[in-house]
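Subject: Structure handover

Hello,

Here is the structure for you to look through. My notes on what was found in it follow below.

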Amino acid sequence: MFRRLNEALPELLLGIFIYGIVIQLTGIWFVEDKLLYSSGLWIGVITAMAMAYHIALIIAESVDTVDPQKAKVRIITKGILRYAAVVIVFTVTMYYDLGNLVTLFIGVMGLKISAYLQPAMHKVLIKVTGKGGGSSDETNTMEREVKM
């Protein structure tokens, strides 16, 4: 399902999840309130995964749009709504004391970390499984080959 939307999306989501596990295992030993640390982190990881899915969905919809001006407006509008949703997640987490806001932020940053590491993860997954999704490195390589 995710691969149909965007070939790199499953690897991006896997990267966010692995990032969450690494942060969980390394940081849990250094905090006093382990429950708030963990809940904040995993709320952030889930938020990052939702953001990644939403971004892929909006890109797919925008590519299918015939009018480029409409696509641009859609991307901007949905981007603003996505960040408003993140602000709401932070606000609800703070108001109801559901988790640590710092670890929530660290969890959301998993989207950025995973995006940077996705090409490397793609190469590792191809070596391990013999198959994988699309990678931004492959797209750039294919574009260079086409131009030559």
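The largest nonpolar core of this predicted model has 18 residues, and the members that touch the most others are L9, L12, I16, I23, M51, A52 and L111. Helices α2 (9-27), α3 and α5 each supply at least two residues of this core. The biggest contribution comes from α3, which gives seven residues.

Leaving aside residues up to four places away in sequence, I16 touches V45, A48, M49, A52, G110, L111 and S114. Two of these partners, A52 and L111, are named with I16 among the core residues that touch the most other members.

As for the overall layout, the protein chain contains seven helices and zero strands. Along the sequence the pattern therefore reads α-α-α-α-α-α-α. Of the 148 residues in the chain, 31% are buried. Among contacts with a separation of 6 or more, 65% are between residues 24 or more positions apart.

Two helix pairs are worth checking in the viewer.

On the α3 side the contact consists of I43, T47, M51, H54, I55, I58, E61 and S62, and on the α4 side of A71, R74, I75, K78, R82, Y83, V86, V89 and T93. By type, the residues of this contact are nine nonpolar, four polar and four charged. M51 takes part in this contact and is also one of the core residues listed above.

The second pair is α5 (residues 101-108) and α6 (residues 110-129), with an angle of about 25° and axes 4 Å apart. That angle makes α5 roughly parallel to α6. I106, G107 and V108 of α5 meet G110, L111 and K112 of α6. The residues in this contact comprise three nonpolar, two polar and one charged. Both G110 and L111 are also touched by I16.

Two single residues are also worth a look.

D97 lies in the loop between α4 and α5. Although D97 is not a glycine, it has a positive phi of about 55°. Its relative accessibility is 52%, so D97 counts as exposed.

A60 is found in helix α3. With a relative accessible area of 23%, A60 is partly exposed. A60 and L5 are 55 residues apart in sequence, while their C-alpha atoms are 6.8 Å apart in space.

Finally, a word on confidence. The chain averages a pLDDT of 88, and 86% of its residues score at least 70. Confidence is highest in α5, at a mean of 98, and lowest in α7 (residues 136-147), at 45. Over residues 139-148 the pLDDT is below 50, and this stretch has zero contacts in the model beyond near neighbours in sequence.

Regards

Terms used. Residues numbered from 1 in each chain as written. Predicted model: local features only at pLDDT ≥ 70, side-chain atom pairs only at ≥ 80, totals over all residues. Heavy atoms only, no water. Contact = heavy atoms within 4.5 Å. Nonpolar A, V, L, I, M, F, W, Y, C, P; charged D, E, K, R; others polar. pLDDT = per-residue confidence, 0-100. Axes fitted to C-alpha atoms, helices over the stretch in contact; angles between N-to-C directions. Parallel < 35°, antiparallel > 145°, perpendicular 65-115°, else oblique. Core = buried A, V, L, I, M, F, W, Y, C linked by side-chain atoms within 4.5 Å. Buried < 20%, exposed > 50% of the residue type's maximum accessible area, 1.4 Å probe, protein only.
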